[in-house]
Amino acid sequence: MTDLSRRGLLKAAAALAGGGLLVGCAPGGSRSTTDLSYWHLMTGGDGTVMAGLVDAVNAANLGFHATQTVLAWGPPYYTKLAMASAGGRAPDVAIMHASRIAGYAPGGLLEPWDLDLLAEVGLHESDFPARVWEKCQYDGKLYAIALDTHPFVLYYNTELTEKAGVTDTLRSMKSPEEFTEVAAKLQKVTGKHGLSYGYLGDGAQMWRLWYTLYKQTGAEMKLVPGQPAEVDKDAAVTTLKFVQSLLNDTIASRSGDGGTATSEFLHGESGLFFGGVWELPVLKDAKLPVDAMPIPTLFGTQAAYADSHTFVLPRQSKVSPERRKHVYTMVAEILKRSAKWAGGGHIPAYQPVATGAEYQALKPQSNYAGIPAYVNYDPDVWFSGAGSDFQNYFAENVQNVFLGSGDPAAGFDGFVARLNKLLDRPQPV
């Protein structure tokens with residue numbers, strides 16, 4: 001094995017350390033200078049919309065043709081992308097969650113975007129929300145171009161909230177006590193639950209809600225390799241206790257999973273529903289009288305959890321300037337058409353679209369369009385992000401807290417201890 005291949009494998013290992021190790025590689029063979037390879041992990045409704053966007057860009061006859069390769073979401077996708085990048089045989093462009101950039105950029109698995117070339121295709125820093133643009137950077141360089149922000153939000157059944165007389169309160173509440181009171185009133189109307197929230201066996205769902213509330217206290221979580229985790233235990237325990245209080249089998253099911261929570265809300269057995277914006281198409285297809293809003297600011301500081309789909313340039317052993325320019329054009333053209341992408345619930349990152357009439361007319365999507373201004377992503381560390389084990393570590397320690405049988409302080413201590421073990425390891429680059 002050559003030194004170059006050893007370094008490549010080590011770089012791939014660094015990006016994969018947060019998730020399971022599943023080996024894959026990119027297909028070989030030569031490619032036409034005008035045929036761009038594009039990898040992504042969009043399936044279902046998102047996959048259909050993305051395919052339509054790519055077809056529309058291809059139909060514009062801009063001197064290239066983008067060919068999509070759709071891979072399985074999560075570890076399989078990120079494993080294949082890391083191994084292809086390590087070997088220099090990656091696609092021309094790929095989708096990556098913003099939360100994964102910190103695991104890929106340091107090891108040289110991504111190449112930075114050229115700001116001058118972006119300007120040539122009409123893309124500038126001012127076209128993106130500041131916090132989203134910042135998340136797309138690493139060590140002062142831009143490694144990703146955001147397509148969207150997809151936050152965790154609060155859905156509500158407008159007929160039930162009107163019947164319970166809580167619609168105005170829902171939109172103006174400012175404390176945990178007010179939220180609990182509204183949910184209790186809705187429970188009396190539905191006769192089953194006031195709130196649906198599925199989390200059982202799903203670390204991502206637990207993390208999304210808890211991290212939103214934790215950040216609403218103004219607390220920080222700073223994870224730096226080689227240093228102990230910097231956290232606010234008091235804030236963590238306060239918010240864990242609040243979640244625990246909601247999961248009492250009256251306000252919300254103590255042991256609901258994603259399927260049961262969605263089913264409850266769809267059948268009018270609850271009036272509120274914590275979920276990602278990607279849940280919106282299912283709710284709208286059911287003709288439910290549904291609206292959506294950011295999770296209310298219950299602990300004093302406006303905050304929301306989200307991630308972003310971004311375009312990245314995986315490392316290639318040889319880069320054609322002509323092909324690379326075509327990639328820049330392709331990404332710009334997709335962004336300019338991203339009002340269609342917003343139909344799936346996502347908030348467009350490209351501000352000329354996000355502030356445009358087509359997106360603003362979308363309801364309830366535009367009701368939570370302000371979230372990117374105060375969005376919070378996973379902490380920047382090599383083992384965090386979508387499809388990694390980071391959120392599973394959270395679940396391992398706090399699921400019993402959510403179930404009502406675990407102590408919030410002990411559960412959070414266990415999570416921090418797990419983080420410190422990972423932070424104590426040298427970053428595998």
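These are my notebook entries on a predicted model of one protein chain.

**Ground rules.** I number residues from 1 along each chain as its sequence is written, and I leave hydrogens and water out, using heavy atoms for side-chain values. Because the model is predicted, local features need pLDDT of at least 70 and side-chain atom pairs count only at pLDDT 80 or more, while totals for chains, interfaces and linings use all residues.

**Whole chain.** I looked up the secondary structure and found 18 helices and 15 strands (DSSP runs numbered from the N terminus: helices are H or I with at least four residues, strands E with at least two). The C-alpha atoms fill a box of roughly 65 × 50 × 35 Å along the principal axes. I then checked the radius of gyration, 22 Å, which agrees with the value near 22 Å for a compact globule of 429 residues (taken over C-alpha atoms; the rule is 2.2 Å times the number of residues to the power 0.38). Of the 429 residues, 55% count as buried (buried is under 20% relative accessible area, exposed over 50%, partly exposed in between, with a 1.4 Å probe and protein chains only). I also looked at contacts (heavy atoms within 4.5 Å): of those with a separation of 6 or more, 80% are between residues 24 or more positions apart.

**Asn376.** I found Asn376 in strand β15, residues 375-376. It is buried because its relative accessible area is 9%. Its side chain makes a polar contact with the side chain of Arg131 at 3.1 Å (a pair of N or O atoms within 3.5 Å; within protein, one must be able to donate a hydrogen and the other to accept it, and residues adjacent in sequence count only if both atoms are side-chain atoms). Beyond its neighbours within four places in sequence, Asn376 is in contact with residues including Arg131, Tyr211 and Lys215.

**Leu36.** I placed Leu36 in strand β1, residues 35-40. Leu36 is buried, at 0% relative accessible area. Leaving aside neighbours within four places, its contacts include Phe64, Asp92, Arg323 and Met330.

Most residues other than glycine have a negative phi, and most peptide bonds are trans. I noted a cis bond between Lys363 and Pro364, with omega about 10°. Pro364 sits in the loop between α16 (357-360) and β15. Asn61 has a positive phi of about 55°; I found it in the loop between α2 (44-59) and β2 (65-70), exposed at 67%. Asp139 also has a positive phi of about 55°. Asp139 lies in the loop between β5 (137-138) and β6 (141-142) and is exposed at 70%.
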